[in-house]
Amino acid sequence: MTESQADLPVIDYAVLTATDPEGNRTPSALTECHRLFTALRDTGFTYLQYPGSTTNDTINTLFDLSQRFFSKPLTEKLRIVGHIDKGRGPSQGYSNPQHLATDTASSDLKEYFGMYRDDDTDRPNQWLPDANSQALRAGLVRFFDSCHEVVVSLLAALSEEIGIPPDALRPFLDDRNHFVACLRYPAVGADAFATRTRAAPHTDYGCLTLLFNDEAGGLQVRRGDGEWRYVPRREGCAVLNVGDLLSRLFNGLLPSTMHRVVEPPVIRDNHAPDRYSIAFFAHFNADLLVKPLEALVSETHPARFEPVVAGEHVKARVRQLHLAGNSLREEKTVAHA
Ligand SMILES: O=C(O)CCC(=O)C(=O)O
Ligand SMILES: [Fe+2]
C-alpha cells in the first residue's frame, strides 16, 4: 500500500539569497521569500534545496562518518554518554533511550550523538579519540557553521516578508546556541512498530530545524486535517521545519507542526533496515525572552503567547525527552482515546 505523502514545496536557497549589484534581493529572490513564508505558514514544513556550502558530497561524507561511529561497540559509545555536568546538556555526547530512559517499554527506537558549539569551553562536547571520531568532529563543526549561516539567512527572508528589517532577528542567534544530532534508528523487525515508534510524535523545541535523511523513509508530518503524511527524502534537499519558539515569536502565524518517525512506507521481509538522519536544531540565545513580535500583534490579532525564556522552554522539553525516552507531547491521550 502506498501511504499518502505530504507533497511539500521545494524552496531554492540559492534563489532565495540572490542579490543585485547593490546588495538588494532580486525580484525572484523576493518571490522565493514569499514562497518560503507561505510554505511554513501552511504546514510548518518545506523542502530546502541544499543550502549554502552544503553539498551532496559533504552530506554523504557526514553520513558515512556517522555510520562508522554507530557501528562501534556499545561499551565504546557509552564512554561518551551524555550527562548533566558543569552546564553540559544531557544530550551532549552519546544517548540511547534503551539504556538510559526510565520507561524503556515505550522509548524511541533510536540512538544518537549530539553536540553544541564546539568552541564553548563552558560545556565542552564529548568525542572519542579515534581517527573516525576526529573526522566526524571536523565535519560536524563545518556543518554547524554552515547551517548557522543558513538559518540567519532564512530568518532574514522571513523578516522581509513581515516587513521588519532583514537583520532584526540576527542578534537572537548570536550565541550560536544550536544543537546537532546524528541519529541512528537500528534495524528492527516490522512487529516492533505494533507498540513502538522510532521517534514519537513531537514538535521541535527551538527556532528552525534542518533535517537531512537517508533513503530509509518513515518521517511523517501531521497535517491540519489530522492525517499523518510521509515526507520522503528528496534528492539534494533538506527538510526545514518550524520549532516552538519561532512559532511563538511569529504569534502562531508559523505553526510548530507535530511530526514523528514510524515504519517505512514499504516493508520487505518483515524487516525495517537501519535508518540514519542528521539534524541541525537552530536555537535562540538561551536568555532570550521570546514573545510575539510587535509587528505581528494588533487589536485584531492580540498576542497568543505569554513571554517565555528560550533556554527554560528548551530545558523543560529536553527533561521530558530524557525521562520518558521520547518527546511525546499531548499525543499520549489522543493515541489511547
Ligand atoms: O530522524 C528524523 O527524520 C526526524 C527526527 C526528529 O524529528 C527529531 O529528532 O526531532
Ligand atoms: Fe523533530
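This is a predicted model: local features need pLDDT of at least 70, side-chain atom pairs count only at pLDDT 80 or more; totals for chains, interfaces and linings use all residues.
An oxygen atom of ligand 1 lies 2.7 Å from an N or O atom in the side chain of Ser277.

| Side chain with the N or O atom | Distance to an oxygen atom of ligand 1 |
|---|---|
| Ser277 | 2.7 Å |
| Arg275 | 2.9 Å |
| Asn213 | 3.3 Å |

How much of ligand 1 does the protein cover? On its own, ligand 1 has 300 Å² of accessible area, and the protein covers 93% of it.

Now for the neighbours. Strand 8 (208-213), strand 12 (259-261) and strand 14 (275-282) are the elements that each give two or more residues to the shell around ligand 1. Strand 14 provides the largest share, with three residues. The residues surrounding ligand 1 are Tyr185, His202, Asp204, Leu211, Asn213, His259, Val261, Arg275, Ser277 and Phe281. Sorted by class, this shell has four nonpolar residues, four polar ones and two charged ones.

Let us turn to a pair of helices. Two packed helices are described by the angle between their axes and the distance between those axes. Here, helix 3 (residues 56-70) packs with helix 6 (residues 131-161) at an angle of about 140°, and their axes are 9 Å apart. Because of that angle, helix 3 is oblique to helix 6. Which hand does the crossing have where helix 3 passes helix 6? The crossing of helix 3 past helix 6 is left-handed.

Key. Residues are numbered from 1 along each chain as its sequence is written. Chains are lettered from A and ligands numbered from 1 in the order in which they are written. Side-chain values use heavy atoms; hydrogens and water are left out. A residue is near a molecule or strand if one of its heavy atoms lies within 4 Å of it. A polar contact is a pair of N or O atoms within 3.5 Å; within protein, one must be able to donate a hydrogen and the other to accept it, and residues adjacent in sequence count only if both atoms are side-chain atoms. Accessible areas come from the Shrake-Rupley method with a 1.4 Å probe; for residues, only the protein chains shown count as cover. Helices (H or I, at least four residues) and strands (E, at least two) are DSSP runs, numbered from the N terminus. Ala, Val, Leu, Ile, Met, Phe, Trp, Tyr, Cys and Pro count as nonpolar, Asp, Glu, Lys and Arg as charged, and the others, Gly among them, as polar. Axes are lines fitted to C-alpha atoms, for helices over the stretch in contact, and angles run from 0 to 180 degrees between N-to-C directions. Angles under 35 degrees count as roughly parallel, over 145 as roughly antiparallel, 65 to 115 as roughly perpendicular and the rest as oblique. A crossing is left-handed if the near helix is turned anticlockwise from the far one by less than a right angle, and right-handed if clockwise.
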